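Please look over the sequence and the model together, and keep both in view while reading the report that follows.

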Amino acid sequence: MQWKFRDINPDLAGRLARELGQPQKLGEFLAARGFKTAAEVRAFVRADFKDLPPPSSLTDMDKAVDRLTQAWKNGELTAVCGDYDADGLTATALLAGGLKALKHQIVTRIPHRLTDGYGLKPPLVEKMAADGVKLAVTVDNGISAHEAVEAASALGLDIIITDHHRLPPELPPAVAIINPHRDESWRLWPPAGV
């Protein structure tokens, strides 16, 4: 492995550190992440939900809502497939709880860290299909799950992917893929060019 170091403008780093009343190393970190002014840093740190674009502006949100509505109307068993890390477990609990409150038939699926590994895999898809799941929504994973999404499609199981990880060169053939990296207005971090 070869380490790649970013070029950091020492004047910018020093100015950010001084204006924010922070150590030089934090100024270097902020400069390396693309911040140019203390105002940009403050706006990012003090972000408010009102500053976000509407969720409906995310690519494929309409497709995801339509498919979830269809599942609800038809009484289809829906799986929320998270991951075993903190954001995966939290996202699973939040989405499953919200859908249950809306009277969806919900099951949750979290892969075992040691035996299943990370993300959506064909064996999990096969198990869900055998259990009668008709729709699966991933949270915090799935953006690179080509094989699993193709297996699901062959089994008549629709997949909606919700993920925040970087996009691969080619997206899986899911019913909908919601990822803020697909939408310029949602790319809050890292700042442009970083």
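Does R182 count as buried, partly exposed or exposed, and what is its relative accessibility? The model in which this is asked is a predicted one, and within it R182 counts as partly exposed, because its relative accessibility is 27%.

## A network of charged side chains

The side chain of R182 meets that of D60 in a salt bridge, with 3.0 Å from N to O. This pair links distant parts of the chain, since R182 lies in the segment after β5 (176-178), while D60 lies in the loop between α3 (38-45) and α4 (61-74), 122 residues apart. D60 counts as buried, because its relative accessibility is 12%, which is under the 20% cut-off.

D60 also forms a salt bridge with K63, where the closest N and O atoms are 3.4 Å apart. K63, at 42% relative accessibility, counts as partly exposed. A further salt bridge joins E76 and R67, whose closest N and O atoms are 2.8 Å apart; here E76 counts as buried at 14% relative accessibility, and R67 counts as buried at 7%. Salt bridges that share partners join D60, K63 and R182 into one network, and the count of salt bridges comes to 8.

## The loop residue L58

The loop between α3 and α4 also holds L58, which counts as buried because its relative accessibility is 11%. Which residues does L58 touch, once its neighbours within four places in sequence are left aside? They are I178, P180, D183 and W186, each of them in contact with L58. The C-alpha atoms of L58 and H181 are separated by 9.5 Å, although these two residues are 123 residues apart along the chain.

## Strand β1 and its partners

Strand β1 (residues 77-81) has 4 buried residues out of 5, and it is therefore largely enclosed by the rest of the structure. It pairs with strand β2 (residues 105-109) in the parallel sense, over 5 bridges, and in this pairing T78 stands opposite I106 of β2.

In helix α7 (residues 146-154), the buried residues are A148, V149, A151 and A152. Because these residues cover an arc of only 160° around the axis, they are placed on the same side of α7. What do the buried residues of α7 pack against? Their packing partners are α6 (122-130) and β4 (158-162).

The face of α7 that is turned away from the buried side carries E147, S153 and A154, which are exposed. After α7 comes G156, a residue with a positive phi, near 75°.

Terms used. Residues are numbered from 1 along each chain as its sequence is written. This is a predicted model: local features need pLDDT of at least 70, side-chain atom pairs count only at pLDDT 80 or more; totals for chains, interfaces and linings use all residues. Side-chain values use heavy atoms; hydrogens and water are left out. Buried means under 20% relative accessible area, exposed over 50%, partly exposed in between (1.4 Å probe, protein chains only). Helices (H or I, at least four residues) and strands (E, at least two) are DSSP runs, numbered from the N terminus. Two strands pair if DSSP finds at least two bridges between them. A salt bridge is a side-chain nitrogen of Lys or Arg within 4 Å of a carboxyl oxygen of Asp or Glu. The arc is that of the directions from the helix axis to the C-beta atoms. Contact means heavy atoms within 4.5 Å.
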